[in-house]
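Hi,

Here is the structure I said I would pass on. Have a look at it first, and then read on for what turned up.

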Number of protein chains: 4
Amino acid sequence: MNVIALVGSLRKESYNMQLAKTIQERYRDRFTLEIADLGSLPHYDQDAELEPGEEVLKFKRSVKEADAVLIVTPEYNWSVPGVLKNAIDWLSRVDKVMIGKPVMVAGVSAGLMGTIRAQLHLRDILASAGVQAKLLPPGAGNEILINQAANKFADGRLTDEATLQFLDQVIERFVAFVRANA
Amino acid sequence: MNVIALVGSLRKESYNMQLAKTIQERYRDRFTLEIADLGSLPHYDQDAELEPGEEVLKFKRSVKEADAVLIVTPEYNWSVPGVLKNAIDWLSRVDKVMIGKPVMVAGVSAGLMGTIRAQLHLRDILASAGVQAKLLPPGAGNEILINQAANKFADGRLTDEATLQFLDQVIERFVAFVRANA
Amino acid sequence: MNVIALVGSLRKESYNMQLAKTIQERYRDRFTLEIADLGSLPHYDQDAELEPGEEVLKFKRSVKEADAVLIVTPEYNWSVPGVLKNAIDWLSRVDKVMIGKPVMVAGVSAGLMGTIRAQLHLRDILASAGVQAKLLPPGAGNEILINQAANKFADGRLTDEATLQFLDQVIERFVAFVRANA
Amino acid sequence: MNVIALVGSLRKESYNMQLAKTIQERYRDRFTLEIADLGSLPHYDQDAELEPGEEVLKFKRSVKEADAVLIVTPEYNWSVPGVLKNAIDWLSRVDKVMIGKPVMVAGVSAGLMGTIRAQLHLRDILASAGVQAKLLPPGAGNEILINQAANKFADGRLTDEATLQFLDQVIERFVAFVRANA
């Protein structure tokens, strides 16, 4: 199984990037996780969408070929970061590669709220006509909202044992969900 | 009065850009409207926020010095375009130049819904702690949702007479709102 | 196939009730549509949830036994009517009868927007942990947003031919969706 | 100063009701707080809105005469309880008594999230054309989201000292906000 990760933060020491890398390593026997370089994409421009350049085409091919998409994102201003929305905007046009794609969402915050508002906006975005992703259902503890990150990460990886055990369960359900939707 | 416009579409013939230009010309005796170049901004990166480069600094100075902000934006995937969210992300950090700034929102769509879902997301974003804009209240016909654009624009400008008259009234209220919040 | 309809308006001549009755009659060979009496339910009260009385118990049994739920609702104040939310609150507690239930949403408005903001809120509500409904995916024209009702209804039923043909297609997909999730 | 409280839970031992009573007592030298009986209101019905009966008329008069409204509500299914939405639906029709009314929102949850999703929906509802409340701006710590209630309440009142001190500050700003909007 091949999964591609869209990480909403460009910061080098980003907790969200650390979570993506933790998932990449911890579940390497379950799936290969490629982490997309969202910072290299130009701003979406409808005038360029038919010939968007190699960076965009490469990104869209990676998503198209992936069995599933993992979105790991901080919350900026009660919503998703512009750089993540921009990536989704490219994916939603011309060759609409997100349609029917299984998606799991995770987020890490320094504060208490664990990116909950960003995830509400993201749910709307992922349901829109140009995206139509198949989102892992939110009930049954499938929402990955990791708060108070400073207490849960160390040496560049998620290390909090309780959170890792919760993550194990959600990843298990996600892998089954991807298989069921293949 | 100086107003700065953030336009969510980079397309050259964008209806939203046409609306911004219509406002720029039609109300030039009421205020000067500068149209910001959102496409020239890099993706927001927290590692760069203290020294974000001249493009970002110039943009933030323009917003800081403006008496008000006009956001004119299409809806992409039930939300605001990434390029607009990215611009707001820059404005919301370090020197938080949107706090207390009077803002008016307008949107144009080809279809029926007139960007209504994007404007709901934008309301959340503009209320967040790093932005805290003073939004022209939505009641009393202050929502500018222009639908079926193909029937209402010609030669690069909004030309529909009923829509222009509605716009005249909202702009009048917006100018009074900016003065009251100066 | 048995479907139960939750109608968000109590008004006798409600366009939304007229739509429910149109669906009841027009597709009677596809499914039986029972229209629940939401106005007879008391306000949800956690103190009463273990012994909520016969009206609530009867309503919950009807939903539990139904193969699917059809929600037909106006928009009140950019959200769903209190009476509809109250019904869903009862359904979401103790015996959580909505979990996994196939749901289709429709709305009628007098104005242009076709209840679009209410449907966004409803999507959040239906995804919550106590509800977890299986919503007919919104893409591919599955959103039933009927605007300018005065032009499309007559003699107590939806009569606009184009809208009826669109409805035929969505109902077809809904019936297949219910079967696939049985 | 007279303030009326709308409490979204009917449960007798409701933490949200306990918070309303704490505010009623603790700030009795700043304002009189009347707690409305939302459970006594019938379901909103447009057919009855011109002659809604004495319970509704009395409730609407209380809100009309109040200097401000305090909404204290739990989150049910990622939104506001039906009983609270129903009360707002009555307030938004015929004599639209919420227009221009200063409003403060607070919420208590047993879990971590402190009703944050309900408050997002409530922001939309309060901005709608029939309501148009003047909401205390959310920035600067004005959001009252009290989580993990079991640790913060005792003997029917909020007792957590840090939370009470935070509340003191928000109430101070709210009183100033009501005066400025009188």
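Before the first finding, one cut-off: a residue counts as buried when its relative accessible area is under 20%, as exposed when that area is over 50%, and as partly exposed in between. Keep in mind too that this is a predicted model.

**Helix α4 of chain A**

For chain A, the mean pLDDT is 96, with 99% of the residues at 70 or more. For the complex, the predictor gives an ipTM of 0.97 and a pTM of 0.97.

**Where chains A and B meet**

How many residues of chain A are in contact with chain B? There are 32, and they meet 32 residues of chain B. The size of an interface is often given as the accessible area lost when the parts come together. Here chains A and B bury about 2,600 Å² between them, and 55% of that is on carbon and sulfur atoms. Three residues, A:His43, A:Asn77 and A:Trp78, supply 27% of the area that chain A buries against chain B, more than any other three residues.

On the chain A side, α3 (82-91) and α4 each supply at least two of the residues that touch chain B. The helix that gives the most to that side is α3(A), with six residues.

**Salt bridges**

Side chains of opposite charge can pair when their charged atoms come close. Over all chains, the structure holds 36 salt bridges.

One of them joins A:Glu25 to A:Arg157, with the closest N and O atoms 2.7 Å apart. A:Glu25 sits in helix α1 (residues 15-26) of chain A and A:Arg157 in strand β8 (residues 157-158), so the pair ties together parts that are 132 residues apart in sequence. Both ends are partly exposed: A:Glu25 has a relative accessible area of 35%, and A:Arg157 has 25%.

Chain B has a salt bridge between B:Arg157 and B:Glu25, at 2.7 Å from N to O. This pair also links distant parts of its chain, with B:Arg157 in strand β8 (residues 157-158) and B:Glu25 in helix α1 (residues 15-26), 132 residues apart. B:Arg157 is partly exposed at 26%, and B:Glu25 is partly exposed at 35%.

Another salt bridge in chain B runs from B:Arg30 to B:Glu172, where the closest N and O atoms are 2.9 Å apart. B:Arg30 is in the loop between α1 and β2 (32-35), while B:Glu172 is in helix α5 (residues 161-180), and 142 residues separate them. Relative accessible area is 24% for B:Arg30, which is partly exposed, and 43% for B:Glu172, also partly exposed.

There is a network as well: salt bridges link A:Glu75, A:Arg117 and D:Glu143.

Is C:Lys85 buried or exposed? C:Lys85 is buried, with a relative accessible area of 1%. Its place is in helix α3 (residues 82-91) of chain C. Leaving aside neighbours within four places in sequence, C:Lys85 is in contact with C:Val80 and C:Ile125, and also with residues of chain D, including D:Tyr76, D:Asn77 and D:Pro81. From C:Leu50, C:Lys85 is 35 residues away in sequence and 19 Å away in space, C-alpha to C-alpha.

C:Ser62 lies in helix α2 (residues 54-65) of chain C. With 17% relative accessibility, C:Ser62 falls under the 20% cut-off, so it counts as buried. Not counting residues up to four places away in sequence, C:Ser62 touches C:Ile4 and C:Glu34.

Cheers

Key:
Residues numbered from 1 in each chain as written. Chains lettered and ligands numbered in written order. Predicted model: local features only at pLDDT ≥ 70, side-chain atom pairs only at ≥ 80, totals over all residues. Heavy atoms only, no water. pLDDT = per-residue confidence, 0-100. Contact = heavy atoms within 4.5 Å. Buried area = accessible area lost by both parts, 1.4 Å probe. Helix = DSSP H or I, 4+ residues; strand = E, 2+ residues; numbered from the N terminus. Salt bridge = Lys/Arg side-chain N within 4 Å of Asp/Glu carboxyl O. Buried < 20%, exposed > 50% of the residue type's maximum accessible area, 1.4 Å probe, protein only.
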